[in-house]
Amino acid sequence: MDASLLQEVPHRRFNPLTREWILVSLHRTKRPWQGKVEKVAAADLPAYDPTCYLCPGNMRADGAKNPKFTSTFVFDNDYAALLPDIPAFAEDESGLLVARSEPGICRVICFSPRHDLTTPRMSLDEICEVIHVWAAQFVELEKVDWVHHVQIFENRGAIMGASNPHPHCQVWANASLPVVPEKELASFRAYRDAKHSCLLCDYWELESRHRERVICENDGFAVLVPFWAVWPFETLLVSKRHFASLEDFLPGESQLLADILKRMTTRYDNLFETSFPYSMGFHQRPTDSLHYPEWHFHAHYFPPLLRSATVQKFMVGYELLNNPQRDITAESAAARLRELSETHYLDRA
Ligand SMILES: [Zn+2]
Ligand SMILES: [Zn+2]
Ligand SMILES: [Zn+2]
């Protein structure tokens, strides 16, 4: 591959997970960052907020009272998008008006009793505790016989629509395989059939030789800006070992995941010295009772910020009508993320 062409000539890049293309246009990419970096004053959040529906001991919307939890806390979402007990139906009129019922379970997981903590500011033990809850939820929901997919995801920051700064994530378990995992499953399968190998094992092997898109790693996991990244500072977290879900973790791997989550989110916060917004989530094998040897555990971070704490990337116009485009290359984004400190800016003297 001619790496210099990729930095000089507008081109398209292929995402082998979704088998879609993105456009890379380069009018302001080659030099390192020169724009003004605006900082936003750190929101001064209290450790406890009496008006927060996620803080320990507080009342929620439906009248339930949170326990005085001391580490994590899981509950069914009071405003669940999906409900478990609904009438089943399938409608199809001329193949044009097609609908099916979709049962599901939506839960909220509080990461901490502290209203003001975020992943990069939590201790490794505290993050490990969250990972154990994720794994327990995956296993518990997988046992519901109609649950075929479990999505664990975090929306962080008001810009991403997170309604509450209290550190938390969501779990949505539902009956059908959603669109993106369905595409990825087809790609994992097609790759395995063609090459008798794993798409993400091979991809990590390639990236670990090139190095230019790798941001950080430990013995269990690595984070990189994928070659086909759409969002300016999008990253992909991959396990180095081939396995398919949180259920398959070996002893010690939760600690390694906690380490990489803390380091990566610290880098993100340090990028614009702000509490960095993103949507992130794990992609794990489907949870019907079938076997998925082709699936490789990974997570995606999709951050909306472009060049400061206040300048956001919008997906509009050409991107809505055709395909996404980006104007900083994956390589330059990776270089910026790689050079950042893993000490949180708020912890510096
Ligand atoms: Zn709170
Ligand atoms: Zn693999
Ligand atoms: Zn994925």
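Predicted model: local features only at pLDDT ≥ 70, side-chain atom pairs only at ≥ 80, totals over all residues.
Residues are numbered from 1 along each chain as its sequence is written, chains are lettered from A and ligands numbered from 1 in the order in which they are written, and side-chain values use heavy atoms, with hydrogens and water left out.

The donors to ligand 1 are Cys-52 (SG), Cys-55 (SG), His-115 (ND1) and His-166 (ND1), at 2.0 to 2.3 Å from the zinc ion. Donors here are N, O and S atoms within 2.8 Å of the metal (3.2 Å for Na, K and Ca); water is not among the atoms, so sites may look incomplete. The angles between the four donor atoms are 103 to 116 degrees, which makes the arrangement tetrahedral. Four donors count as tetrahedral if all angles lie between 85 and 135 degrees. Both Cys-52 and His-115 are buried, where buried means under 20% relative accessible area, exposed over 50%, and partly exposed in between (1.4 Å probe, protein chains only).

Cys-198 is buried at 10% relative accessible area, whereas Cys-201 is partly exposed at 26%.

The zinc ion (ligand 3) is coordinated by two OE atoms of Glu-184, together with His-283 (ND1), His-298 (NE2) and His-300 (NE2), at 2.0 to 2.3 Å. Glu-184 in helix H3 (residues 179-195) and His-300 in strand S13 (residues 298-302) are 116 residues apart, and the pair links distant parts of the chain. Helices (H or I, at least four residues) and strands (E, at least two) are DSSP runs, numbered from the N terminus. Glu-184 is buried, with a relative accessible area of 1%, and His-300 is buried at 9%.

Next comes strand S8. This strand covers residues 168-174, and six of its seven residues are buried, so it is largely enclosed by the rest of the structure. S8 runs antiparallel to S6, with seven bridges between them; two strands pair if DSSP finds at least two bridges between them. Cys-110 stands opposite His-168 in S8. Strand S7 (residues 149-156) also pairs with S8 in the antiparallel sense, over five bridges, and there Ile-152 faces Val-171.

Salt bridges are the last topic. Each is a side-chain nitrogen of Lys or Arg within 4 Å of a carboxyl oxygen of Asp or Glu, and by this rule the count is 23. One of them joins Asp-347 to Arg-121, with the closest N and O atoms 2.7 Å apart. This pair links distant parts of the chain, 226 residues apart. Asp-347 is partly exposed at 48% relative accessibility, as is Arg-121 at 31%. Another salt bridge, between Asp-259 and Arg-263, has its closest N and O atoms 2.9 Å apart. Both residues lie in helix H5, four residues apart, about one turn of the helix, and both are buried. Elsewhere, salt bridges that share partners join Arg-13, Glu-207, Glu-212, Arg-213 and Glu-331 into one network.

Technical notes. Tetrahedral: all angles 85-135°; square planar, octahedral: opposite > 155°, others 65-115°.
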